[in-house]
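Visitor: Could you walk me through this one while I look at it? I'd like to start with pockets and then move on to helix packing and charges.

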Amino acid sequence: MVSADDGFEAIAREWMQTKAKWSPATRDKAIWLFETYAFPWIGKRPIRSLTPPEMLVLLRWSESLGKLETAQRLKQRCGQVFRYAIGTGRGDRDPTADLRGVLTTIHVRHHSSLTRKEAVGELMRAIDSFTGHLSTRCALLLSALTFVRPGELRSWEWSEIAVDGREWRIPPKK
């Protein structure tokens, strides 16, 4: 007999509750991933009944939409749920483990970086001659001078700048 607690969705939600150290963004992304892709198809199924071919169909559906990274992330998160179920005595195995190397590989594009001293000068001159919006020019200049990530630059606040203007302290939460 299968209880409601043996369903994939119930175990996944229980597993997410154990992730107290997750940031709200990570938690929201995991919930969205499960609710969008996994729960509608396998949520009510007993976790022991799920097989590698069934999981592959689920993951291929995401791939067919062109969401290669989403398929990889979904496989990872589902695998974590299966392993949690094994640890709590409600699962026997992780069917996603048998799918290693089966999904379409994500082709990572590496962005170029400055490797010569002369290139730094060229970059600064290019920024200086930029004729677009002033805010864009300032952002480019700040980025080149501070080497921060684009997201950090977009979300900076005056309160993070020291009173004397010599130091920018980005809070750990960012």
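Visitor: Which helices each supply at least two residues of the lining of the largest pocket?
Guide: In this predicted model, helix 5 (117-128) and helix 6 (134-146) each contribute at least two lining residues to the largest pocket, and helix 5 gives the largest share, with four residues.

Visitor: And how much space lies in the largest pocket?
Guide: The largest pocket holds about 310 Å³ of space.

Visitor: What is the lining like by class?
Guide: The lining of the largest pocket has nine nonpolar residues and two polar ones, with no charged residues; among the lining residues are L123, M124, I127, F147 and V148, as well as S113 and S143.

Visitor: Where do R60 and E63 lie?
Guide: Both lie in helix 3 (residues 52-64), three residues apart, about one turn of the helix. As a general point, an α-helix has 3.6 residues a turn, so residues three or four places apart point the same way. R60 and E63 form a salt bridge whose closest N and O atoms are 2.6 Å apart.

Visitor: Is E63 buried or exposed?
Guide: E63 counts as buried, at 10% relative accessibility, while R60 is partly exposed, with a relative accessible area of 33%.

Visitor: What about R149, and which residue does its side chain meet in a salt bridge?
Guide: The side chain of R149 meets that of E152, at 3.4 Å from N to O. R149 is exposed, with a relative accessible area of 59%, whereas E152 counts as buried at 17% relative accessibility, the cut-off for buried being under 20%.

Visitor: And R45 with E54, how far is it from N to O in that salt bridge?
Guide: Their side chains meet at 3.0 Å, N to O. R45 is partly exposed, with a relative accessible area of 28%, and E54 is partly exposed, with a value of 29%.

Methods. Residues numbered from 1 in each chain as written. Predicted model: local features only at pLDDT ≥ 70, side-chain atom pairs only at ≥ 80, totals over all residues. Heavy atoms only, no water. 1 Å grid on protein atoms, 1.4 Å probe; cavity = no way out; pocket = protein on both sides within 12 Å on 5 of 7 lines; lining within 4 Å. Points joined across faces, edges and corners; volume = space filled by probe spheres on them. Nonpolar A, V, L, I, M, F, W, Y, C, P; charged D, E, K, R; others polar. Salt bridge = Lys/Arg side-chain N within 4 Å of Asp/Glu carboxyl O. Buried < 20%, exposed > 50% of the residue type's maximum accessible area, 1.4 Å probe, protein only.
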